[in-house]
Amino acid sequence: MASVIRKERKDGSPYYELRFSQGRGSTLVRRYTPPEGLSRKNQDRAAEKEWYRLEEEVRAGKIVTKKQKAAQEAAEAAERAKLLTVEEYAEKVFLPAKRVNRAEKTAYTYKWTFDKYINPAFGSCKLTEITSAQLTAFLLNFQATGAAHASVDRLHAILSTFFKMAYMDESIDRNPMDRVPKPEPRKDELQRQGPEAYTEQEEVYILQCLEREPLKWKCYTSILCETGCRRGEGLAVRWQDIDFSNLVMDINGSIGYTPEAGVYRSTPKSGKSRIVDISPGLAELLRQLRAEQSERCISEYVFTQDGTPNPMHPDSPNRYLRSFGKRYGIKNLHPHKLRHSYASIAITNGADVVSVSEILGHADTAITLRTYSHANEESRKRANNIFREALKEAAK
């Protein structure tokens, strides 16, 4: 096969394909366009000279194919990885990436998990030397200490994300977590059928007890009960987010805390804002709270730290509801249980899952169906009963 091939473009202008065999069926191809104004003979001669010039560079290793370049980069990445320990890769690559593409709280959780569990076990080990057997034993030992299944599951997920990143950037040539199954729950660990929630009667009792509580907490707890919003989302509500005329509230933020960042405001978990309805009674309570707050400070936030315009610390609702529950004999009272209660009561009383999913701010309806399958089952039974009763009535 010729090493210099003359071709023409659509407009009739000439160019040459210069081919260089590199053995084992590998061929490097370069294009060459001769200067304008040359005769055909001189064009051929110029192309041949260019071929010889490039051939010397190919033989000298100055020009490589894409395949050769990729192989060379992979080899260099592998060499670099040999010098990195698990802790070094986490600090230099993994954790900085998570600080960019994850929420502040999530990034902090990753770092805390490495400092607390992963680095003490594998921190000084070479990244390339970690095996599937070591990781499986590590997770089983963690589970054997009595850790909750959710904690074991979370640790497995973080390790999977960590080694997948190292594999994708070619720091390792295999992902050891591909052969590490998720640990099954311990036999002595009870698995609840759906999330813990209050009944309608228990919810009514909670709201009745709130009548004797401070106005700020009456408003905050009522928002959790009426909208099913998350703890931090309720704390992030600003006065500008409340439309008193139309009785709606815009859930567009979340208050979080880490030792590094302090109390901060971010977007909701789903990354999207949503509009929720509030009752006239709650709207009136919020009007009273706004007047009461204005006597002490001016703040854009509805719920503030006492005497300051700063948003409330996200741990405060947990502490308050814990003491509130003890005073009135309400078991396991915490913000997320009120969220679950809202969803369960709404679904079992006929609310469609799509609407409930939107109100809760879930990323998609599948999350709602999976989380509240027990409540949705009751709703389906009720729908079937309605259908059968309708047929009975029609048959009369």
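1. Helix H7 packs through its buried residues against helix H8 (215–227), H11 and helix H12 (335–348), contact meaning heavy atoms within 4.5 Å. Helices here are DSSP runs (H or I, at least four residues), strands likewise (E, at least two), numbered from the N terminus. This is a predicted model, with local features needing pLDDT of at least 70 and side-chain atom pairs counting only at pLDDT 80 or more, while totals for chains, interfaces and linings use all residues. Residues are numbered from 1 along each chain as its sequence is written, and side-chain values use heavy atoms, with hydrogens and water left out.

2. Which residues of H7 (residues 200–210) are buried? They are Glu 203, Ile 206, Cys 209 and Leu 210, buried being under 20% relative accessible area (1.4 Å probe, protein chains only). Down the axis of H7 these buried residues fall within an arc of 120°, so they line one face of the helix; the arc is taken from the directions from the helix axis to the C-beta atoms.

3. Now the largest nonpolar core: among its 39 residues, Ile 242, Met 249, Leu 286, Phe 303 and Phe 324 touch the most other members. Such a core is a set of buried Ala, Val, Leu, Ile, Met, Phe, Trp, Tyr and Cys residues joined through side-chain atoms within 4.5 Å. H8 gives the most to this core, with 7 residues.

4. Met 249 is in contact with Ile 223, Val 237, Ile 242 and Leu 286, among others, leaving aside neighbours within four places in sequence.

5. His 313 sits in the loop between helix H10 (280–294) and helix H11 (316–328). Not counting residues up to four places away in sequence, His 313 touches Leu 235, Tyr 257, Val 263 and Gln 305.

How values were computed
Buried means under 20% relative accessible area, exposed over 50%, partly exposed in between (1.4 Å probe, protein chains only).
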